[in-house]
Amino acid sequence: MIRGILLDLAGVVYEGDHVLPNALEAVRQLHSTGLPIRFVTNTTTKTKKALLARLTGLGLEITSDELFTPGQAARAWLKQHNASPLLLVHPNLKAEFSSLPDRKKRAVIVGDAGEAFTYWTLNHAFRALIDGAAFLALAKNRTFMDDDGKLSLDAGAFVSALEYSSGKQAIVLGKPSPDFFHAALASMGCAPEDAVMVGDDAECDVAGALLAGLSRAVLVRTGKYRDGDERRVEAPPTAVVKDLPAAAAWILGHRDG
């Protein structure tokens, strides 16, 4: 049975500054079933608070407890390991870490820094890594759907460059990290085998969820999806559907097994 739902946001519920057709109604329909929902996103250009405000402004019915972000996971990691961040992230995200105390142990944190990715900033992060800092990647996506409706280069390429140069493997905190999926599921008391994931990224959303132990993952043909994506991943989707309303219909049709 399906006892919990994980939903991606960008490319599934909205693109740029607009909600996708009938996506809000699909979310309301899923909420009406009583099944717990968690929105799991790799968006790293906004704090959780700012992202939540944007989503509610778009009309999405969502609470803070339902939203899981890589920045949130990074704060938890820093607290658990008694470390301070050295940030290579988008300027809008820096406020997420502003209240953290200064500690001796350091961790380089890389997110979608946009135009802040320069030789100087990358080299500064590289030097910190070879001097012993831990290495955290908020996500390692290849691409993202930009506000102009086209794919743009995501942080994954820069994370890989730093891995190559420093010889140090990054700890990935967002999707497809199993820990990220498991934290969202644990927050609603749902076992992985009883959950379904819906996303537009065949690699990070779908294959990531299935390899993390979820029994079902639905790929939608919106957002960053490109024809044939489902055939390019290690763990293919359980179903491929047109959009979120179609995914909601699939979930309701398969809810009881």
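**View 1. Helices α4 and α5 are oblique to each other in this predicted model.** The two helices pack at an angle of about 45 degrees. Helix α4 covers residues 119-130, and helix α5 covers residues 156-166. Their axes lie 10 Å apart. The crossing is right-handed.

**View 2. Residues at the contact of α4 with α5.** From α4 come L122, A125, F126, L129 and I130. From α5 come F158, L162, S165 and S166. Seven of the contact residues are nonpolar and two are polar. None is charged.

**View 3. An open sheet of four strands.** The strand order is β6-β7-β8-β11, and the pairing is parallel. β6 (83-88) and β11 (171-172) stand at the edges. Each has a single partner strand, so one side of each is left without a neighbour in the sheet.

**View 4. The pairing of β8 with β11.** Strand β8 spans residues 134-137. Two bridges join β8 to β11, and the two strands run parallel. L136 has I171 of β11 as its bridge partner.

**View 5. Helices α4 and α5 against the sheet.** α4 lies across β6, β7 (105-110) and β8. Its direction runs at about 150 degrees to β6. α5 also packs on the sheet, where α5 touches β6, β7 and β8. The direction of α5 makes about 160 degrees with that of β8.

Notes: Residues numbered from 1 in each chain as written. Predicted model: local features only at pLDDT ≥ 70, side-chain atom pairs only at ≥ 80, totals over all residues. Heavy atoms only, no water. Axes fitted to C-alpha atoms, helices over the stretch in contact; angles between N-to-C directions. Parallel < 35°, antiparallel > 145°, perpendicular 65-115°, else oblique. Left-handed = near helix turned anticlockwise from the far one by under 90°. Contact = heavy atoms within 4.5 Å. Nonpolar A, V, L, I, M, F, W, Y, C, P; charged D, E, K, R; others polar. Pairing = 2+ DSSP bridges.
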